[in-house]
Amino acid sequence: MAKIVFGMNQSLDGYVDHDHAEFRPDPVLFRHFVGQVRGLAGSVYGRRIYEVMRYWDDDQPEWDADERDFATAWRNQPKWVVSRSLESVGPNATLVGDDLEAVVRKLKAERAGEIDVAGPELARSLTDLGLIDEYRLYLHPIVLGRGKPFFAGPRPPLRLVASDRIGEEVIRLTYVPA
């Protein structure tokens, strides 16, 4: 049975913002993400974050070895994209338009390993359905004062199960539903 995990970079004041320069991972954190993506059984994306991540579909000449490794890992993993507006998705991706709960329950039952959830709105829907098994907050020492909150709805009751430093400035907090 797969474990459904929602994890994203977060500011001290609770926001996620992939465009913010301070969220750029240092080399240690980036390699952590390469290894994490390499080990996933797949990912479930909301439309907006999937469109951002499509950047990794096409090689860029300025990429270093770690960026090429991340792109390879991202391309190789199966992806399910939740959207009612997209008509098609890229390679190794499946469009999920309806019955999110049934699709995720089936993935959870039929797959082994971790399935990543990407996007706060999608995570809220899966939280409301009781389908997220673990939350990973990659806490950066910045205050944004705006943006999308990590928890798009009320924070569910959680229990801290681990904390660890990754790279120079990031603390990963791992929670499970209480």
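A residue is termed buried when its relative accessible area is under 20%, exposed when it is over 50%, and partly exposed in between, with a 1.4 Å probe and protein chains only. By this criterion, 46% of the 178 residues of the protein chain count as buried. The structure is a predicted model, in which local features need pLDDT of at least 70 and side-chain atom pairs count only at pLDDT 80 or more, whereas totals for chains, interfaces and linings use all residues. Residues are numbered from 1 along each chain as its sequence is written, and side-chain values use heavy atoms, with hydrogens and water left out.

The overall form may be considered next. The protein chain comprises five helices and 10 strands, assigned as DSSP runs (helices H or I, at least four residues; strands E, at least two) and numbered from the N terminus. Its radius of gyration is 16 Å, which agrees with the value near 16 Å for a compact globule of 178 residues; the radius is taken over C-alpha atoms, and the globule rule is 2.2 Å times the number of residues to the power 0.38. Along the principal axes, the C-alpha atoms fill a box of roughly 45 × 40 × 30 Å. With contact defined as heavy atoms within 4.5 Å, residues 24 or more positions apart account for 70% of the contacts with a separation of 6 or more.

In soluble globular proteins, nonpolar side chains tend to be buried together. A nonpolar core is here a set of buried Ala, Val, Leu, Ile, Met, Phe, Trp, Tyr and Cys residues joined through side-chain atoms within 4.5 Å. The largest such core has 48 residues, and those with the most contacts inside it are Phe6, Tyr50, Trp56, Phe70, Trp74 and Leu126. Helix α1 (residues 27-39) gives the most to this core, with five residues. Leaving aside residues up to four places away in sequence, Tyr50 touches Tyr45, Trp74, Lys79, Val81, Leu86, Val89, Gly90 and Ala93.

The open space is described on a 1 Å grid over the protein atoms alone: a pocket is an open set of points with protein on both sides within 12 Å along at least five of seven lines, a cavity is a set where a 1.4 Å probe fits but cannot get out, and lining residues have an atom within 4 Å of a point. Points are joined across faces, edges and corners, and a volume is the space filled by probe spheres set on them. The largest pocket has a volume of about 1100 Å³. Its lining holds 36 residues, of which Asn9, Pro25, Phe33, Met53 and Trp56 lie nearest the centre. Helix α1 gives the most to this lining, with five residues. The lining divides into 21 nonpolar, seven polar and eight charged residues, where Ala, Val, Leu, Ile, Met, Phe, Trp, Tyr, Cys and Pro count as nonpolar, Asp, Glu, Lys and Arg as charged, and the others, Gly among them, as polar.

The second largest pocket has a volume of about 540 Å³. Of its 26 lining residues, Gly46, Arg47, Arg48, Glu121 and Leu122 are the closest to its centre. Helix α5 (120-128) supplies the largest share, five residues. This lining has eight nonpolar, eight polar and 10 charged residues.
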